[in-house]
Amino acid sequence: MSASPLKPHALLAEFGTAADIFEAAILCRDAGFSKWDVHTPFPIHGMDEAMGLRKSPVGWFTFCGGMTGFSAGMTMIWYMNKFDYPLVVGGKPLFTPLYAFPVSYEMTILLSAFGTLFGMFFLNRLPKLYNPLFKNERFKKATDDRFFIVIEAADPKFSLEATRAFLTEKCHATAVEIVED
Amino acid sequence: MASASASAAAHKASHGSHGAPALKVADAPRELEREPLVLNERPLGWITNAIAGVCENPMPKWWWPAFVVSFGGMIMMFSLIAYLVSTGVGVWGLNQPADWAWDITNFVFWIGIGHAGTLISAVLFLLRQKWRTSVNRAAEAMTIFAVACAGIFPVFHTGRVWFALLPGYLFPAPNANEIWPQFRSPLLWDVFAVSTYGTVSLLFWYVGLIPDLATLRDRAKGFLRKFFYGLFSLGWTGSNRHWSNYEKAYLLLAGLSTPLVLSVHSIVSFDFAVSVVPGWHTTIFPPYFVAGAIFSGFGMVLTLLIPLRSLFNLHDVITVRHVELMCKVLLATGSIVGYAYGMEFFIAWYGGSPYELYAFKNRAFGPYWWSYWSMITCNVISPHFFWFKKLRSNMVFVWIVSIFVNIGMWFERFVIIVTSLHRDYLPSSWGYFTPSWVDVMTFVGSFGLFMTLFLLFIRFLPTIAISEVKGVTPQADPHHPLGGAKGHH
């Protein structure tokens, strides 16, 4: 029941400007942390490199969605107008990719968009309706005008005292707090 | 000092006795300062407060009367549609030879309006036009609401909608005789284009909203607001690991929406161009329709945003520069539209088809001459005022012209559809279309639906993309002094 101070979820460090958090992120990356993150009200240009993140793989989901959409469109039209119930209309061919193209094109885009959206949700593990960070009052500013670094206690290099000192003294965080689980 | 003495040396050399002309090194051009996108160096917190405040504070006094009127219009429209469904499409003035008239005019009008939203959100994003951030949210909302209005007309002009929708000729489900929809028809392409467009616009809009919904969640006071903003923001924390995938997804959606928006109005134009009706059967239609759609859509964006920025005091975010840039888009697309009108006439003459030529003469000088010349006045003449900066930055004037653009683009579709249909090959089957009161009031009612949705949007959602606007301020740049960077630049 009682939140044990010995079992923190993470350390939360607050920064006031984009430049401060940018430099702090570089320090955290170089310090070798793995379970840590930067929280900002908007994406900061260059932060992916500063954190050492790999390129986002969302594009693969888009590609798969698009391929599915295009082949589904072509197959559907072939099946309906040529295979299942062939019906000559206006003396035109029963199937050609030409007249099937507009609909298949739209389906490519439709399923690419769904692939992109759900791919992004999947990679980000969203929706996530519980997060210990939400219990922290200070963290509410992460969607307003403050910048945060969160280093999780589960990180192998995490040690309450040393990491706190690192965030305050080396990274110059304006405030460091424990986030309880 | 060094450069001064160097240029003195160069000066000396060029006038020296050696005779060899020395290179004159020009000074580096002074970097032109761009007008900031958010005026008065507003801090990030100010942006949150100003925008989130709009949907958190009680709505101003005008909101309720505006909502009641719009809601009334919407109810009227749905009642008239119930009347149509229970009676038949004859309650609209449709009859041979004009089986398409106000219904399809309204459809193309509304779908065209949507296009500006996608253009702003997707095309300008790909072109790295940062000014879009102040207007894209409202423009995308406008797109979705306009597509909703557009969808109503083609669905209900089928009369017995239950045949159209369920065992459809529209959606691929076999009808009573187990016959599938006919995919050679552009009308069916249109069904796929419009429904894809509506869906993708909604997804794109929602993705853009997630970080802002999280902002509203973190500021929410009441239980309901906390619950719903919390639910729809999906647990967004502004994590950079998330932003990384999010930005990629946003870029991809923009990349997908761009060919989509171009295809949608091209396919809408195929509804006409693929037929053999004089006045419709032309290859210029796809680009001409797309330009017209963007033209009409920017007209509607200005009609909505100019009042919005003054009613909610958002002058520092939607600045005069934003309005001016949109006027320039009106000027460009309006000129394309004007060119297309001229080219259509030229080809009608040059093509040598007497029917085609007659269709165009009939447009300008036949019984519907008044609609043709209304279109020309509104679409060809009015955008050319925007060559002048003084007029572009006069908000009242811009707003009035934007209304003219809306009217003109409605007339354009009316001209294309009705003047072509009412007199085609056989003079014995010529006719004259007059709208019924149901036609007129259903169209008026569709504005009620549109405004109801837009007013609810202002009431509950951030009208400007908060996180995106923050992202284009100098404070967001870690290498800018305002972003806290130390040292020289």
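In β4(A), Glu180(A) is the bridge partner of Pro8(A), and in this predicted model the two strands concerned, β1 (residues 8-15) of chain A and β4(A), pair in the antiparallel sense over 6 bridges; two strands pair if DSSP finds at least two bridges between them. Helices (H or I, at least four residues) and strands (E, at least two) are DSSP runs, numbered from the N terminus.

This pair belongs to an open sheet of 4 strands in chain A, with the order β2-β3-β1-β4 and antiparallel pairing. At its edges stand β2 (36-39) and β4 (175-180) of chain A, each with a single partner strand, so that one side of each is left without a neighbour in the sheet. Neighbouring strands are turned by 20° against each other on average, direction ignored. Helix α1 (residues 18-31) of chain A packs on the sheet and touches β1, β2 and β3 (147-152) of chain A, its direction making about 20° with that of β3(A).

Between the chains, 56 residues of chain B are in contact with 60 residues of chain A, contact meaning that the C-beta atoms of two residues, placed from the backbone, lie within 7 Å. On the side of chain B that touches chain A, α9(B) gives the most, with 17 residues, and α2 (44-56), α7, α9 (240-273) and α17 (466-471) of chain B each supply at least two.

Helix α4 (residues 97-124) of chain A and helix α7 (residues 186-219) of chain B pack at an angle of about 20°, with their axes 9 Å apart; axes are lines fitted to C-alpha atoms, for helices over the stretch in contact, and angles run from 0 to 180 degrees between N-to-C directions. The two are therefore roughly parallel to each other (angles under 35 degrees count as such). Residues of α4(A), among them Pro102(A) and Leu117(A), meet residues of α7(B), including Trp189(B) and Val207(B).

The residue classes are as follows, where Ala, Val, Leu, Ile, Met, Phe, Trp, Tyr, Cys and Pro count as nonpolar, Asp, Glu, Lys and Arg as charged, and the others, Gly among them, as polar.

| Contact | Nonpolar | Polar | Charged |
|---|---|---|---|
| α4(A) with α7(B) | 13 residues | 2 residues | 1 residue |

Residues are numbered from 1 along each chain as its sequence is written, and chains are lettered from A and ligands numbered from 1 in the order in which they are written. Local features need pLDDT of at least 70 and side-chain atom pairs count only at pLDDT 80 or more, whereas totals for chains, interfaces and linings use all residues.

Notes:
Parallel < 35°, antiparallel > 145°, perpendicular 65-115°, else oblique.
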